[in-house]
Amino acid sequence: MKLFACQSCNQVLFFENTACERCGHTLGYLPAENDLSALEQVAGEDGTWRPLSTAATAPSYRFCANAAQNACNWLVPAGGDAYCLACQLNRTIPDLSEDRHLDQWRKLETAKHRLVYTLMRLNLPIATRQEDPEGGLAFDFLGDPPDGGKVLTGHQDGLITIALREADDAQREAMRVEMGEQYRTLLGHFRHEVGHYYWNVLVRDGGHLDGFRALFGDERADYQAALQHHYQVGAPPNWQDNFVSDYATAHPWEDFAETWAHYLHIVSTLETARAYGLSVDIHVSDDPAMQTEVAFNPYAPGGFEPIAQAWLPLTYAINSLNRSMGQIDFYPFVLAPPALEKLAYVHNLIHGTLPA
Ligand SMILES: [Zn+2]
Ligand SMILES: [Zn+2]
Ligand SMILES: [Zn+2]
């Protein structure tokens, strides 16, 4: 994630900010221009704003309709769509007549907006359900039904369901422990599930099935049987030699979605590291594998190597910082060479640089 600065007073601003703490200007995010802008109200036109950002391409904007619930800070050109691109992807939002749902929905929106930000930075195609009713991307945010049933988080033909209880920290952490996972976050769910969508779009419909099968295995293996086997027997003991995560061993589709999610974790975090000018240069050794300066754009095309080379020392440093605070590791994973090869595949798939 990029850092922003207030166009009125130069205060550092963050992606989710809605007002400048120093000068008080209302702030809104310009998705197409990728800038967070201080805003001035257009006189005589209620709810219409003029951005101070010089990147703005329309003369005036309105807030996305979900700003009314503090669930979105993105702007749309005045006279255009009611919802921003990120919110147009919502098919079902929680029933807001229940108090705690609003809070949970806002947490889901924060994660979803970060996801859509990264998809846009990577120039990935995003087809809404209106544009592609059969396979377009859409979200259902669903609470569990009153009959005691459980909503399952998952993906089907572009439709991503996220169980609302995942926005409850206590429930999510309990699930993480119960499932024996090292990492479980809302943003992680979004990045994983959207990986299934992009498998359809880029691998299946993009003519890359042979290369995919050579690296990840044959996805025609019975999916339900594979998941059942995974939940009964668990991952093979040496899974870390070949997979990014335990769950990636369940089925080639899950391996792809897990790898995809890690790729988004990595490029997104590297962008933040770059925004802060981070470098790692440890003093106890001159091992070049432990040095990095994150001075490149991780969303730009080019080889995967610089990304992997920057990521490893950065994770060592941040994991150590977390341990110093008594927190669990920031990135509790080891990337063995086959897992890095799959990440490089995702990188080349996204940038259109896979061999045909
Ligand atoms: Zn300001
Ligand atoms: Zn919105
Ligand atoms: Zn999955």
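Student: Which residues are the protein donors of the zinc ion (ligand 3)?

Tutor: Donors are N, O and S atoms within 2.8 Å of the metal (3.2 Å for Na, K and Ca), and water is not among the atoms, so sites may look incomplete. In this predicted model, His192 (NE2), His196 (NE2) and Glu254 (OE) lie 2.0 to 2.1 Å from the zinc ion (ligand 3). Their sequence spacing is H-x3-H-x57-E. Histidine 192 sits in helix 4 (residues 186-204) and glutamate 254 in helix 7 (residues 252-275), a pair linking distant parts of the chain, 62 residues apart. Helices here are DSSP runs of H or I, at least four residues, and strands are runs of E, at least two, numbered from the N terminus.

Student: Is histidine 192 buried or exposed?

Tutor: Buried means under 20% relative accessible area, exposed over 50%, partly exposed in between (1.4 Å probe, protein chains only). Histidine 192 is buried at 7%, and glutamate 254 is buried at 2%.

Student: What is the site of the zinc ion (ligand 1) like, tetrahedral or irregular?

Tutor: Four donors count as tetrahedral if all angles lie between 85 and 135 degrees. Here the angles among the 4 donor atoms run from 101 to 116°, so the site is tetrahedral. The donors are Cys6 (SG), Cys9 (SG), Cys20 (SG) and Cys23 (SG), 2.3 Å from the zinc ion (ligand 1).

Student: Where do cysteine 6 and cysteine 20 lie?

Tutor: Cysteine 6 is in the loop between strand 1 (4-5) and strand 2 (12-13), and cysteine 20 in the loop between strand 2 and strand 3 (26-30), so the pair ties together parts 14 residues apart in sequence. Both are buried.

Definitions and conventions. Residues numbered from 1 in each chain as written. Chains lettered and ligands numbered in written order. Predicted model: local features only at pLDDT ≥ 70, side-chain atom pairs only at ≥ 80, totals over all residues. Heavy atoms only, no water. Tetrahedral: all angles 85-135°; square planar, octahedral: opposite > 155°, others 65-115°.
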